[in-house]
Amino acid sequence: MIERLEALIFDVDGTLAETEEAHRAAFNQAFGEAGLDWRWDQGLYGELLKVTGGKERIAAFSGRPAQDPFVRQLHGRKTEIYAALMKPGTIDFRPGIVELIAEARRRGVALAIATTTSRPNVDALIAAVLGAEALGWFVSIACGDRVPAKKPAPDVYHLALSELGLPASRAIAVEDSWNGVRAARGAELTVIATPSLYSAGDDFSEATLVTSPDRIAAALGWS
Ligand code: XBP
Ligand code: MG
């Protein structure tokens, strides 16, 4: 239940932007560079996305441990490739997200990020769409590599709330996947779900509202 909305906590991949096709391309390019005959098509990637975290996803596919030096090196190269794909003009936020962020700032509602993805990916995406200075708009950027357990564990949302200095009752999470909704609910947050390219078939029954990003402001009574 929301007492007084003081913060919006955004998931990144699939929520701020439809980034998973860029992630998939980066994985496949890193595999090719490493001389691997691995290729993740959309069908396989849709299944692999049930595993959050790129290193964990490679581990689930290959049978190697996520902390295996080979997996870490492969994922590091994938992250470099992904960041290079995030250039102004090549990626946009989902319709309504830029306006929602601007309205939250106008109303003095704090902004935070709670994501499984790696920090360099967040920096590259925000810089490409909003400009690097926009990173300072977010009171907390809670990434998967900062917490012990990735989504659907609530860790990143607990970290975001802690850095916001707010109880869950003063914030709303915006998520695109079952893993994300479960993580936010695990932190007792109210969740608005915005199904995305790869998550349309997910179970959103724990979300308070299922909508598209361009309708969130109206749902909050902001327009
Ligand atoms: C989505 C994820 C991430 C990305 C890939 O994160 O699960 O693993 O698919 O990024 P979220 P990495 O929806 O929580 O933003 O390779 O850096 O993990
Ligand atoms: Mg997501």
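This is a predicted model: local features need pLDDT of at least 70, side-chain atom pairs count only at pLDDT 80 or more; totals for chains, interfaces and linings use all residues.

Visitor: Let us begin with the metal. Which residues are the protein donors of the magnesium ion (ligand 2)?

Guide: One looks for N, O and S atoms within 2.8 Å of the metal. Here the magnesium ion (ligand 2) has D11 (OD), D13 (O) and D176 (OD) as its protein donors, at 2.1 to 2.2 Å.

Visitor: How are the donor residues of the magnesium ion spaced in sequence?

Guide: Their pattern is D-x1-D-x162-D.

Visitor: Are D11 and D13 buried or exposed?

Guide: A residue counts as buried when its relative accessible area is under 20%. Both D11 and D13 are buried.

Visitor: I turn now to ligand 1. Which residues come nearest to ligand 1?

Guide: The shell is read from heavy atoms within 4 Å. Around ligand 1 there are 20 residues, of which D11, G54, H75, T115 and S118 come nearest.

Visitor: Which polar side-chain atoms lie 2.7 Å or 2.8 Å from an oxygen atom of ligand 1?

Guide: H75 places a polar side-chain atom 2.7 Å from an oxygen atom of ligand 1, and R57 places one at 2.8 Å from an oxygen atom of this ligand. G54 takes part through its backbone, with a polar atom 2.7 Å from a ligand oxygen.

Visitor: How much of ligand 1 does the protein bury?

Guide: The ligand taken alone exposes 440 Å², and the protein buries 95% of that area. As to its place, ligand 1 sits in the largest pocket.

Visitor: Which elements give two or more residues to the shell around ligand 1?

Guide: They are α1 (20–33), α3 (54–62) and α4 (69–85). The most comes from α1, with 3 residues.

Visitor: Where does T115 lie?

Guide: T115 belongs to the loop between β2 (110–114) and α6 (119–130). A polar atom of the T115 side chain is 2.9 Å from the backbone nitrogen of T117.

Visitor: Why is T115 called buried?

Guide: T115 is called buried because its relative accessible area is 1%, and the limit for that word is under 20%.

Conventions:
Residues are numbered from 1 along each chain as its sequence is written. Chains are lettered from A and ligands numbered from 1 in the order in which they are written. Side-chain values use heavy atoms; hydrogens and water are left out. Donors are N, O and S atoms within 2.8 Å of the metal (3.2 Å for Na, K and Ca); water is not among the atoms, so sites may look incomplete. Buried means under 20% relative accessible area, exposed over 50%, partly exposed in between (1.4 Å probe, protein chains only). A polar contact is a pair of N or O atoms within 3.5 Å; within protein, one must be able to donate a hydrogen and the other to accept it, and residues adjacent in sequence count only if both atoms are side-chain atoms. Accessible areas come from the Shrake-Rupley method with a 1.4 Å probe; for residues, only the protein chains shown count as cover. On a 1 Å grid over the protein atoms alone, a cavity is a set of points where a 1.4 Å probe fits but cannot get out, and a pocket is an open set with protein on both sides within 12 Å along at least five of seven lines; lining residues have an atom within 4 Å of a point. A molecule sits in a cavity or pocket if more than half of its atoms lie within 2 Å of its grid points. Helices (H or I, at least four residues) and strands (E, at least two) are DSSP runs, numbered from the N terminus.
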